[in-house]
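Dear colleague,

I am handing over to you the structure shown below, together with its sequence.

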Amino acid sequence: MTLAHPKTPRQGKDELGVAPLFSLEGMTIPRHSLPDGEMPPDVAYQIVHDELMLDGNARLNVATFVSTWMEPQAEKLMAECFDKNMIDKDEYPQTAELETRCVAILSNLWHAPNADEATGCSTTGSSEAAMLGGLALKRRWQKRRAADGKPGSSPTTGTSRCASSRWRASVSTSRPRRP
Amino acid sequence: MKLCDENTIGVVAILGSTFDGSYEPVKEICAALDALERESGLDIPVHVDGASGAMIAPFVDPDLEWDFRLPRVASINTSGHKYGLVYPGVGWIIWRDTEALPDDLIFWVNYLGDNMPTFALNFSRPGAQVVAQYYTFLRLGFGGFRRVQGYARDVATRLSARIAELGPFELLTRGDELPVFAFTLADGIENFTVFDVSNAMRERGWQVPAYTFPENRTDLAALRVVVRRGFSHDLADLLVHDLERQLPRLQKQPAPVHDATTWTAFAH
């Protein structure tokens with residue numbers, strides 16, 4: 001996530017120009033603080049939409065691994081679920097059920113010995129998922145050490161040189177060692 | 001292996017590298033750890049970071065053993081929003097069995113009168129991505145995923161071959177594992193850098209990242225192309241055409257303009 005920080009220069013002047021939208025030339029609103037009052041939703045939409053036109057074109061971006069296209073039907077389903085909180089499993093039991101089915105589908109796909117007992121969950125991305133995997137490894141190791149009467153205070157992990165920065169991010173979980 | 005000792009909680013194998021798209025040899029890593037266990041008694045589990053490859057290999061490399069078929073693999077993570085074909089942010093972590101996830105890590109939430117197991121670093125997030133993942137599984141099935149990922153790999157290998165034919169470039173990988181490949185400049189090219197190439201491609205709107213490799217190979221600078229759903233043979237042809245058009249100007253410039261120090265760091 002972008003961390004707003006005084007060391008990062010702010011973009012532009014303190015005022016955000018509203019012109020030339022909707023013949024409002026000359027009108028400005030504050031860029032870094034809340035405007036005094038309300039504005040019509042169409043104007044607010046247009047200001048944000050127009051500013052985002054400066055972002056790169058995802059179709060021409062061969063840098064990212066992240067999906068930049070989905071079918072309209074998927075987008076429609078997503079729009080229908082923006083307001084459902086994953087953690088409210090009691091309120092949204094079918095969303096929770098679909099998560100459970102996805103875990104079973106992946107367990108089968110990856111040849112888990114007993115996919116009927118599929119164990120796993122969704123996360124915000126693969127970094128959080130990798131960290132949860134690391135936490136489970138660390139706890140298993142601590143239990144083994146405790147059972148052997150040995151200290152569990154200096155865990156390490158082994159990774160290759162091409163390990164992504166997420167394994168450095170989990171350094172508080174264990175110390176990565178690379179060849 | 002020589003870095004593993006009694007304090008090693010696990011070894012992370014990566015399928016595949018974000019630097020060049022290659023798979024790490026998960027089976028061989030497991031075999032080496034099996035040998036270590038025979039010699040020393042150390043039983044070290046493996047976690048596979050399959051951020052990209054765990055949604056590629058099952059469909060286009062079904063015979064590659066990298067998953068729970070290997071008894072030492074305790075857990076696998078992937079990114080639903082990469083080759084899981086969903087918009088950002090969804091990821092998945094799957095454990096081999098209930099033994100691999102210690103019970104005391106599970107957080108039982110008494111939520112609105114029901115007791116639910118959870119395990120996460122954050123709490124509230126929208127259900128949209130998980131629903132979209134399920135839609136994608138339903139919509140494509142195994143055959144659909146095989147078609148989509150197979151096409152991405154066809155585009156990647158054909159595009160890498162065409163870039164190699166241009167002359168000034170040398171492929172580091174071909175895009176035949178992940179549909180991702182890296183290439184660098186051929187020996188003897190001193191008057192422009194991969195960073196200049198990346199900059200020239202931006203003039204037409206292409207974002208082709210240039211970066212230096214990690215420790216032990218920081219002298220190696222490369223360009224990388226990630227082919228994913230929506231990047232067709234047609235777009236690949238346009239990319240090659242634009243690269244071809246930029247080359248005469250780059251080849252005429254007297255000296256490099258950009259190097260790693262004048263370039264915005266790229267991290268993925």
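Chain B and chain A bury about 9100 Å² between them, and 64% of that area is on carbon and sulfur atoms. Please bear in mind that this is a predicted model. Within the area that chain B buries against chain A, Ile9(B), Tyr87(B) and Arg228(B) supply 10%, more than any other three residues. Counted by residues, 106 of chain B are in contact with 89 of chain A.

Salt bridges

Over all chains, a search of the whole structure finds 19 salt bridges. Between chain B and chain A the count is six. In one salt bridge, the side chains of Glu71(A) and Arg229(B) meet with an N to O distance of 3.9 Å. Glu71(A) lies in the loop between helix H1 (41–52) and helix H2 (72–81) of chain A, and Arg229(B) lies in the loop between strand E10 (221–226) and H5 of chain B, so this pair joins two chains. Lys143(A) also forms a salt bridge, with Asp104(B), and there the closest N and O atoms are 3.4 Å apart.

Helix packing between the chains

Two packed helices are described by the angle between their axes and the distance between the axes. Helix H3 of chain A (residues 93–109) packs against helix H3 of chain B (residues 128–165) at an angle of about 45°, and the two axes are 9 Å apart. H3(A) is therefore oblique to H3(B). Their crossing is left-handed. On the side of H3(A), the contact is made by Thr95(A), Leu98(A), Glu99(A), Arg101(A), Cys102(A), Ile105(A), Leu106(A) and Leu109(A). On the side of H3(B), it is made by Val130(B), Val131(B), Gln133(B), Tyr134(B), Phe137(B) and Phe142(B). Sorted by class, this contact of H3(A) with H3(B) has ten nonpolar, two polar and two charged residues.

Helix packing within chain B

H3(B) also packs against helix H5 of chain B (residues 233–252), at an angle of about 20° and with the axes 10 Å apart. Angles under 35 degrees count as roughly parallel, and H3(B) and H5(B) are therefore roughly parallel to each other. The crossing of H3(B) and H5(B) is right-handed. From H3(B), the residues Tyr151(B), Asp154(B), Val155(B), Arg158(B), Leu159(B), Arg162(B) and Ile163(B) take part. They meet His233(B), Ala236(B), Asp237(B), Leu239(B), Val240(B) and Leu243(B) in H5(B). By class, the contact of H3(B) with H5(B) has eight nonpolar, one polar and four charged residues.

Backbone features in loops

Chain B has a cis peptide bond from Leu15(B) to Gly16(B), with omega near -10°. Gly16(B) is found in the loop between strand E1 (8–14) and helix H1 (26–40) of chain B. The peptide bond from Pro88(B) to Gly89(B) is likewise cis, with omega near 5°. Gly89(B) has its place in the loop between strand E3 (73–79) and strand E4 (91–95) of chain B.

In chain A, His111(A) has a positive phi of about 60°, although this residue is not a glycine. His111(A) is found in the loop between H3 and strand E3 (119–123) of chain A.

With kind regards

Conventions. Residues numbered from 1 in each chain as written. Chains lettered and ligands numbered in written order. Predicted model: local features only at pLDDT ≥ 70, side-chain atom pairs only at ≥ 80, totals over all residues. Heavy atoms only, no water. Axes fitted to C-alpha atoms, helices over the stretch in contact; angles between N-to-C directions. Helix = DSSP H or I, 4+ residues; strand = E, 2+ residues; numbered from the N terminus. Parallel < 35°, antiparallel > 145°, perpendicular 65-115°, else oblique. Left-handed = near helix turned anticlockwise from the far one by under 90°. Contact = heavy atoms within 4.5 Å. Nonpolar A, V, L, I, M, F, W, Y, C, P; charged D, E, K, R; others polar. Buried area = accessible area lost by both parts, 1.4 Å probe. Salt bridge = Lys/Arg side-chain N within 4 Å of Asp/Glu carboxyl O.
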